[in-house]
2 protein chains.
Amino acid sequence: MPDSNITTLKTMLGHLDDAKKYQSLRDVLGTLQAADLAAVFEDLAPEKMPVLFRLCPKDLAAEVFAELEPATQQTLIEGLTDKELKLVIDELFVDDATDLVEEMPANVVKRILSQADPEMRKMINELLQYPEDSVGGVMTTELMELGPKMTVRQAIAAIRRLGVDKETINTCYVTGPDRRLLGVLTLRELILEKNEERYLEEFMDPDVISVHTSDDREHASQLFEKYGFTAIPVVDNEDRLVGIVTIDDAITIMQEEATEDIAKMNAIAPLDKPYFRRSLWEVYRSRVPWLLFLMISATFSSFVIRRYETALAAVTVLTAYIPMLTDTGGNAGSQSTATIIRGLSVGDIHPRDLPRILWRELRAGFLCGLTLAAANFAKLTLLDRVGIPVALVVCLTLMATVLVSQMLASAMPIVARKVGFDPAVMASPLVTTIVDTTTLLIYFNIATAVLRL
Amino acid sequence: MPDSNITTLKTMLGHLDDAKKYQSLRDVLGTLQAADLAAVFEDLAPEKMPVLFRLCPKDLAAEVFAELEPATQQTLIEGLTDKELKLVIDELFVDDATDLVEEMPANVVKRILSQADPEMRKMINELLQYPEDSVGGVMTTELMELGPKMTVRQAIAAIRRLGVDKETINTCYVTGPDRRLLGVLTLRELILEKNEERYLEEFMDPDVISVHTSDDREHASQLFEKYGFTAIPVVDNEDRLVGIVTIDDAITIMQEEATEDIAKMNAIAPLDKPYFRRSLWEVYRSRVPWLLFLMISATFSSFVIRRYETALAAVTVLTAYIPMLTDTGGNAGSQSTATIIRGLSVGDIHPRDLPRILWRELRAGFLCGLTLAAANFAKLTLLDRVGIPVALVVCLTLMATVLVSQMLASAMPIVARKVGFDPAVMASPLVTTIVDTTTLLIYFNIATAVLRL
């Protein structure tokens, strides 16, 4: 729903609430999507929240709750009685409940855990042990498990009985003793199977692709994209089925990873909050360390220029082309780094491809450099009317700098990955700083040689 | 499956093929995932392709075919008889068949359409009329439609009868006369419903969020993320249900859009192919136009420097800080542009937020600029030992340039969106070029004033 409609919705709900038309409010709430209603709650006065929340149908209330920002969840919890809190927690899926426990302060956590039933408490505690960026940290344990000797009829009956508490029933898992994963079956296959007495083991898919609790969550999200899954089973060290990751989690991971890459590639510490929810202080802290670091790194380029100050004083026109040369080097470098970083992150490129990459970038850089140098030579001699020797110096530098930048900049993210850093950090701003110094060194060396300074 | 396993797989399949062990080959193929088998096909000799393809089970063959690169699809089609081709096309989902028709040369298209049955041909022709980046261009028409007066029992029977040809049955749509969309029901709800004689209209969700055939496909993918859908219904101008977009398409769109954004943000024409599948020529063409354009734009900075050549000759030390100043301005600008572009693209930010954004960026830029200027003043006077007036000029410029860059750079993508351009094009390289000239103008004006040049 567009934001303007959200505003209309807020006004309408406000009027109904003021007029105490609770039955109408209840009716309206029932027609809304959880995400839209959550947007309304975010801006509600704290004392209004529990009132509106109590009017939501039970399952919608839990969905809305799971969509709220942690600060809003806390405010709402503080307005609920223990009994109401228990109802919400019982309706939450265990991965959402775990996220909640991770975000809340200690006293609220205590209240939540005391209201959760023992089974839920046990599952939350299990999930809490996994690191946040691991598969274990995003999986849920509420999956639909079936036996290999069940018939289609029995399986559907089991799903009818137990399915309501499962995060998804669209994919079901066939397990043997010790919860060992034997096969996978979709609800679609079960429903479309003509013979209701057929055993699951006869037509389940025994070649299951699974992930491990300790795998990187980005790895799991790549498998969703590659194989078109809607859920992936998660196994532990003893190869037992312990959970599933569902596609909605995979989408969140993908979007978060892309946002994180884009932030890092532009020298910003990633913030996992929407723009307007970040405080000014958070924005400042996410930007200033990189700006400072890069500013100090730029000192190298000042050193180079100061070393060649006398040469520059002799041929002052050389100064005029410094920004063009360093910018072009930086731009050429950004192109390569961005390509490689994205390739690594979607899985098209692997660190062992480095030699092939360098060979491609060498040729691409040569072609790009040649084109730019030719265009620039024409401009320098015809438009700027500088002498041939100066034009030669500028164009040779341009050629060399594009070539060197594209090779250097494509290698940097891969080297970063190899030594265990995040490749995205090696992106345009850092590349620019390194390329600048390199470009200036090339420029002054060529100038000294050609112009005999 | 990691690439090393794909290589092992290739070797194994090659051995079995050479030894003409076709039954074993058939058994092995049946255990594989379509995406992995497609990776094997990509590198197969053309004459081997039809042999291996014929050994695949029918439904796997169609899945593998849909995953192949267009060039490989064409090679394979040329090796198949008309009858075999017909079998493949009958098994394809209509959106994959449409993609195929869009990619193949005219003579192959003719052969494909002559083999497709009339119903399929009609659906392909309908889908072909929509632009590639519209919802119509990615939707499929094979959806599960139910009537409002059906009971749960009847609905499940209908799904059993017709579901096999549908792209998904996990979400079903309830339609009235003229295919008007009345409500949505998940297979989960149907299966979990205890009362098998209940009418669908009694418990379907009548508040359906749908998209229009002409909507931007990125809009549809944003809805998936926001509401956690696995399918979205598509309606036409008369509000009739004409198709669905499924979550696997949404994921492809999200990843393509993120890759496209990252490419554009780094001055590369987006290529929708993995890194190693791009020819050198394609890489060159995607990079050189932007490099040329930006190089020529950098001419402005040369103009500015040449205008102030005498001033620079008088105080040569000023030259040494040009790269540091322009780089810092560029970095500060990139931070803001990247933040805004990503915000626009995931839907956190709307063009009408411009005043709020400028106010935030003004304050963030002020704080960042102040910090950098203070740090730099200490460095200039203590380490570089330049005079206080020069240090003052550099630091005032730094302060002003960070402030101006962050405001300018945050406004640019929004203005671009407002006038109908893609915001991502306004990213760091273009910002850098504009910021450079601005920075130099600020620098020389402050220098002239403070140093009385």
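Residues are numbered from 1 along each chain as its sequence is written, while chains are lettered from A and ligands numbered from 1 in the order in which they are written. As the model is predicted, local features need pLDDT of at least 70 and side-chain atom pairs count only at pLDDT 80 or more, whereas totals for chains, interfaces and linings use all residues.

**View 1. The side of chain B that touches chain A.** In this view 90 residues of chain B are in contact with 90 residues of chain A, two residues being in contact if their C-beta atoms, placed from the backbone, lie within 7 Å. Helix 21 (residues 322-346) of chain B supplies the largest share of this side, 15 residues; helices (H or I, at least four residues) and strands (E, at least two) are DSSP runs, numbered from the N terminus. By residue class, this side of chain B holds 47 nonpolar, 27 polar and 16 charged residues, where Ala, Val, Leu, Ile, Met, Phe, Trp, Tyr, Cys and Pro count as nonpolar, Asp, Glu, Lys and Arg as charged, and the others, Gly among them, as polar.

**View 2. An open sheet of 3 strands in chain A.** The strands of this sheet follow the order 1-2-3 with mixed pairing, two strands being paired if DSSP finds at least two bridges between them. Strand 1 (145-146) and strand 3 (181-186) of chain A are the edge strands, each pairing on one side only. Strand 1 of chain A runs parallel to its partner, strand 2 (residues 171-175) of chain A, over 2 bridges, and A:Leu146 is found opposite A:Val174 of strand 2.

**View 3. Strand 5 of chain A and its partners.** Of the 5 residues in strand 5 (residues 231-235) of chain A, 4 are buried, a residue being buried if 20 or more other C-beta atoms lie within 10 Å of its own, exposed if 12 or fewer, and partly exposed in between, with C-beta atoms placed from the backbone. Strand 4 (residues 211-212) of chain A pairs with strand 5 in the parallel sense over 2 bridges, and A:Val211 stands opposite A:Val234. Strand 6 (residues 241-246) of chain A, by contrast, runs antiparallel to strand 5 and is joined to it by 5 bridges, with A:Val235 opposite A:Leu241. The hairpin of strands 5 and 6 of chain A has 5 residues between the strands, and A:Asp239 in this hairpin takes a positive phi near 65°.

View 4. The buried residues of helix 8 (residues 94-103) of chain A include A:Val94, A:Asp95, A:Ala97 and A:Thr98. Among the elements covering the buried residues of this helix are helix 6 (70-79), helix 7 (82-91) and helix 9 (106-115) of chain A.

**View 5. Two loop residues of chain B with positive phi.** B:Asp178, although not a glycine, has a positive phi of about 65°, and its place is the loop between strand 2 (171-175) and strand 3 (181-186) of chain B. B:Asp178 is exposed, with 9 other C-beta atoms within 10 Å. B:Arg385, also a residue other than glycine, has a positive phi near 50° and lies in the loop between helix 22 (354-384) and helix 23 (388-418) of chain B. B:Arg385 is exposed, with 8 other C-beta atoms within 10 Å.
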